[in-house]
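Here is a short report for a reader who is new to this structure. Please look over the sequence and the model before reading on.

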Amino acid sequence: MMNNENSTLHNRLALFRAEAGLSRKELAEQVGVNPQTIGFLERGQYGPSLELGLKLARVFGVSVETLFSLEPFQSLAQQLAATK
Amino acid sequence: MNPPLKLSLRTARILSLLVLGGIGIGYLGGAIFAAPDGDTPIGFVGLRLIGLFSAVALFVEGRGQLTQSSDAMLDERERALRDKSYVATHQIMVLAMFGFFMWSILAKFIDGWMPGQEQALDLLSGFAITSMALPGIILAWREQPQDDAE
């Protein structure tokens, strides 16, 4: 995890948050940050600390690698095409 | 964090320009173009006041308050932002002091301008006000416009 603003970390935070039906504010409260920070994370403008990354993964019940990656995630269309 | 004053990014940036312009020109220009009896021309006094009020507004505004907040009041991103603004402020102010130090050496050889006691105190005041406002100014210019409607 990179604790900086020039993050090269890719994430699927927005996808998981939408699926969980959580607002940024609700997610922020669960992990103890400012709602704006969730926005920065989702846009890839901030790389979280290891602690925050683990907290976010715990909220969605997934491993941290499912949420964050150094490589870009495949788009949903690519994933669907790969399963055919 | 609940700041007493919350300004838009645009307003904060305009204020930051007023601080840098008002303080920079007001204090440096006022020191250089001081009357022989030591009085500062009224135009420069006006610029200083504009710079001072803008600096106070930026200081009490949200971004200025973020730079004054304790660790417990901020999350990790805000702490990183605050710390970076102080590092940048330190670098800028050290560079300014070093520049002035170099000028003080050079001025002896080329018979350049040097402030008198009163002007030196004025410049010190400008330096202090700039130091106070600079972390908030840096945050205002680093901040990116965002859509946090949700």
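## Ground rules

Helices are DSSP runs of H or I with at least four residues, strands are DSSP runs of E with at least two, and both are numbered from the N terminus. This is a predicted model, in which local features need pLDDT of at least 70, side-chain atom pairs count only at pLDDT 80 or more, and totals for chains, interfaces and linings use all residues. Residues are numbered from 1 along each chain as its sequence is written, while chains are lettered from A and ligands numbered from 1 in the order in which they are written.

## Chain B in outline

Chain B has five helices and zero strands. Read from the N terminus, its elements go α-α-α-α-α. The C-alpha trace of chain B spans about 60 × 30 × 25 Å along its principal axes.

Chain B has 150 residues, and 29% of them count as buried. A residue is buried if 20 or more other C-beta atoms lie within 10 Å of its own, exposed if 12 or fewer, and partly exposed in between, with C-beta atoms placed from the backbone. Two residues are in contact if their C-beta atoms, placed from the backbone, lie within 7 Å. Take the contacts in chain B between residues at least 6 apart in sequence: 80% of these join residues at least 24 apart.

## Two cores

A nonpolar core is a set of buried Ala, Val, Leu, Ile, Met, Phe, Trp, Tyr and Cys residues joined through C-beta atoms within 7 Å. The largest one has 18 residues. B:Val19, B:Ala55, B:Leu58, B:Ala133 and B:Ile137 have the most contacts inside it. Helix 1 (9-32), helix 2 (42-60) and helix 5 of chain B each give two or more residues to this core. Helix 5 of chain B gives the most, with seven residues.

B:Ile137 touches B:Ser16, B:Val19 and B:Leu58, leaving aside residues up to four places away in sequence. A second, separate core has 12 residues, among them A:Val31, A:Val33, A:Tyr46 and A:Leu67.

In chain B, helix 1 and helix 2 pack at about 145°, with axes 7 Å apart. Axes are lines fitted to C-alpha atoms, for helices over the stretch in contact, and angles run from 0 to 180 degrees between N-to-C directions. The contact includes B:Ser16, B:Val19 and B:Gly22 of helix 1 of chain B, and B:Gly51, B:Ala55 and B:Leu58 of helix 2 of chain B.

By class, this contact has 13 nonpolar, seven polar and one charged residues. Ala, Val, Leu, Ile, Met, Phe, Trp, Tyr, Cys and Pro count as nonpolar, Asp, Glu, Lys and Arg as charged, and the others, Gly among them, as polar.

## Helix 4

Helix 4 of chain B covers residues 76-110, and its 35 residues should span 51 Å at 1.5 Å a residue. The expected span is 1.5 Å times one less than the number of residues. The end C-alpha atoms of helix 4 of chain B are 50 Å apart, which agrees. Just after this helix, B:Asp111 takes a positive phi of about 55°.

The buried residues of helix 4 of chain B are B:Arg77, B:Glu78, B:Leu81, B:Ser85 and B:Thr89. Their cover includes helix 3 (35-42) of chain A, together with helix 3 (62-68) and helix 5 (117-142) of chain B.

## Two single residues

B:Asp83 lies in helix 4 of chain B. B:Asp83 counts as partly exposed because it has 14 C-beta neighbours inside 10 Å. B:Asp83 and B:Thr67 are 16 residues apart in sequence and 8.0 Å apart in space, C-alpha to C-alpha.

B:Ala120 is in helix 5 of chain B. B:Ala120 has 12 C-beta neighbours inside 10 Å, so it counts as exposed.
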